[in-house]
Amino acid sequence: MQDFIRIENLVFEYVKGEDNTSVRAIDDVSFVVEKGSFTAVIGQNGSGKSTLAKNINGLLTPTSGKVVVDGLDTSDHDNIWNIRQRVAMVFQNPDNQIVSSIVEDDVAFGPENLGVDPVEIRRRVDEALVGVEMYDFRKKAPHMLSGGQKQRIAIAGAVAMEPECIVFDEPTAMLDPRGRSEVLSVIRKLNRRGITVLLITHFMDEAAQADKIIVMDKGLKKIEGAPAEVFRKADELKALSLDVPPAVDLALKLRERNIDIPEGILTIDDMVDCLCR
Amino acid sequence: MSIEVKGLTHIYSEGLPHESVALEDVNFKAEDGQLVGIIGHTGSGKSTLVQHLNGLLKPKTGSIIIGDTDITADGVIMRDIRRKIGLVFQYPEYQLFEETVAKDVAFGPNNLGLSQEETDERVKEAIELVGLDYDKVKNVSPFDLSGGQKRRVAIAGVIAMKPEILILDEPTAGLNPRAHADILNMVKNIHETERNIIFLVSHNMNDIARMSDKVIVMDCGKVAMEGPPAEVFLRENELRNMGLALPDSMEITMRLKRAGMDINSVCLTMDEAADEIAKVLKK
């Protein structure tokens with residue numbers, strides 16, 4: 001598969017206000033994100049996950065090293081708008097991302113700013129709202145919606161820009177169980193339609209659904225691999241203040257109780273299949 | 001200390017076209033030493049309820065009796081109520097403002113008009129109770145701490161008021177797994193030390209199952225269920241219809257049961273689930 005994002009020896013430092021010391025938030029990180037893939041980034045608070053995300057669409061640019069999106073280097077200022085058309089971002093708190101008092105106006109905000117033709121905007125907004133299953137709410141006021149619904153509106157806003165990639169920075173952290181599963185199913189649907197997804201999350205069961213997981217700690221990339229490989233390293237993850245998904249946790253506990261559970265169990269479905277075969 | 005909520009009803013924007021009933025005839029009781037979990041999906045009335053408990057909102061009808069004071073009665077001095085009831089909002093770390101951790105935690109007790117010695121003692125106690133090293137952090141700016149530590153400082157500020165009832169609204173939201181576990185241990189520790197009443201509002205069913213003596217399930221402004229977690233989480237279909245989920249351990253055991261395994265599905269932690277599964281498989 002083709003690489004969509006190439007991160008090469010990325011270093012990002014920021015300067016602390018008071019004493020002018022520089023802090024290295026990302027320390028020599030390299031990896032690639034393939035076109036159409038689903039990559040999850042996990043790591044404890046302060047591990048550099050969000051800084052990494054902001055480096056991908058040029059909200060931040062590297063101190064050294066390189067981030068190349070679809071052949072465009074983020075350090076070259078002339079590329080910024082092209083990059084942001086290709087990579088949209090969705091943040092943790094939907095209330096901070098919604099700008100309009102009517103759902104469909106909010107979704108139209110992005111394409112309007114890209115100078116898209118009004119007829120085309122109408123089409124994109126409708127399609128995006130159908131995609132996140134919020135079309136029936138198009139005339140409503142966002143503040144009357146639930147957290148999960150608001151987050152789906154924020155996602156529709158990103159989708160209406162027709163980006164090739166969406167970076168989600170802990171999009172489910174503030175949601176209840178239903179909102180969380182709604183948002184995750186929308187993310188998976190977008191990915192199946194070909195959108196490249198980068199998901200930053202604290203929920204290990206969400207990360208387990210990705211093609212690849214990147215584990216960050218103190219600005220360093222600690223582990224990179226398929227979920228089955230990554231979650232095999234339970235001890236290493238625990239040492240990084242992380243955890244394993246529920247089914248993996250149960251598999252470990254059953255093995256401690258001398259029950260033979262095969263490797264590669266990641267989801268509750270896998271576990272039920274394995275135990276009730 | 002005890003708290004009793006009787007016939008509590010609250011209506012937002014009453015008389016206006018968009019009026020909505022946020023709470024309708026809510027009744028429950030909690031007593032000393034109980035940890036009460038409150039669950040319900042977004043918009044179910046949890047936050048409105050919690051804001052009534054420390055008098056931030058006044059009910060349309062009904063009463064809240066704390067000890068032997070009805071806090072909804074006319075002429076009650078709210079300052080006295082808020083001394084007894086500590087409310088920790090979601091993302092409380094955004095409320096930190098002082099130059100040092102010790103000053104931030106001291107803000108509440110200072111406003112109670114306590115002596116300097118008493119305040120200092122409470123601050124030290126509270127900081128230690130939330131699991132931070134007093135001597136290490138007291139002179140540090142709260143803004144230089146990690147997310148989980150900041151949150152603990154914010155909670156210490158409420159604990160230092162020595163509330164008899166402590167309400168924690170989503171205390172683990174947005175934390176990584178280790179910080180999450182640390183906060184829960186902290187809540188347990190506070191509960192065991194202070195023997196106070198704790199209300200824990202959470203979307204995390206694992207935490208609710210493990211921590212609560214009693215669970216109150218809110219739905220459409222009403223108490224839909226009330227009981228020990230082992231009873232509440234058995235009502236799977238009702239919970240799902242309310243947009244709620246089961247703890248992961250029971251998510252698995254219920255599925256196994258449906259797939260034909262003869263298993264006791266009431267397992268509030270993953271260890272209990274592993275024990276039960278092992279028991280069945282070794283038969």
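Domain bounds, as used in these legends, come from an automatic or database domain assignment, and the structure shown throughout is a predicted model.

**Figure 1. The two domains of chain A.** Chain A is divided into domain 1, which covers residues 3-244, and domain 2, which covers residues 245-277. The centres of domain 1 of chain A and domain 2 of chain A, taken over C-alpha atoms, are separated by 30 Å. Where these two domains touch, 9 residues of domain 1 of chain A are in contact with 9 residues of domain 2 of chain A. On the domain 1 side of this contact, α7 (204-207) and α8 (227-230) of chain A each supply at least two residues, and the residues of that side divide into 7 nonpolar, no polar and 2 charged.

**Figure 2. The contact between chain B and chain A.** In this view, 33 residues of chain B are in contact with 29 residues of chain A. Four helices of chain B, namely α6 (147-159), α7 (177-194), α11 (248-258) and α12 (270-281), each supply at least two residues of the side that touches chain A. Of the elements of chain B, α12(B) gives the most to this side, with 7 residues.

**Figure 3. Strand β3 of chain A and its two partner strands.** Strand β3 (residues 38-42) of chain A is mostly covered, since 5 of its 5 residues are buried. Phe38(A), Ala40(A) and Ile42(A) point one way from β3(A), while Thr39(A) and Val41(A) point the other way, and all are buried. β3(A) pairs in the parallel sense over 4 bridges with strand β8 (residues 196-200) of chain A, and Thr39(A) stands opposite Leu198(A) in β8(A). β3(A) also pairs in the parallel sense, over 4 bridges, with strand β9 (residues 212-217) of chain A, in which the bridge partner of Thr39(A) is Lys212(A).

Figure 4. Thr74(A) is found in the loop between β5 (72-73) and α2 (80-86) of chain A. With 25 other C-beta atoms within 10 Å, Thr74(A) is buried, because a residue counts as buried if 20 or more other C-beta atoms lie within 10 Å of its own. Leaving aside its neighbours within four places in sequence, Thr74(A) is in contact with several residues, among them Gly58(A), Thr61(A), Val67(A), Val69(A) and Ile83(A). Asn55(A) is another of these contacts, and although Asn55(A) and Thr74(A) are 19 residues apart along the chain, their C-alpha atoms are separated by 8.0 Å.

Figure 5. In chain B, 6 strands form an open sheet in the order β6-β7-β8-β3-β9-β10, and the pairing is mixed. β6 (85-88) and β10 (222-227) of chain B stand at the edges, each with a single partner strand, so one side of each is left without a neighbour in the sheet. Neighbouring strands of this sheet are turned by 15° against each other on average, direction ignored. Within the sheet, strand β3 (residues 35-39) of chain B and strand β8 (residues 197-201) of chain B pair in the parallel sense over 4 bridges, and Ile38(B) stands opposite Val201(B) in β8(B). Helix α1 (residues 46-53) of chain B lies across β3, β6, β7 (165-169), β8 and β9 (214-219) of chain B, and runs at about 155° to β7(B).

Notes
Residues numbered from 1 in each chain as written. Chains lettered and ligands numbered in written order. Predicted model: local features only at pLDDT ≥ 70, side-chain atom pairs only at ≥ 80, totals over all residues. Contact = placed C-beta atoms within 7 Å. Nonpolar A, V, L, I, M, F, W, Y, C, P; charged D, E, K, R; others polar. Buried ≥ 20, exposed ≤ 12 C-beta atoms within 10 Å, placed from the backbone. Pairing = 2+ DSSP bridges. Axes fitted to C-alpha atoms, helices over the stretch in contact; angles between N-to-C directions.
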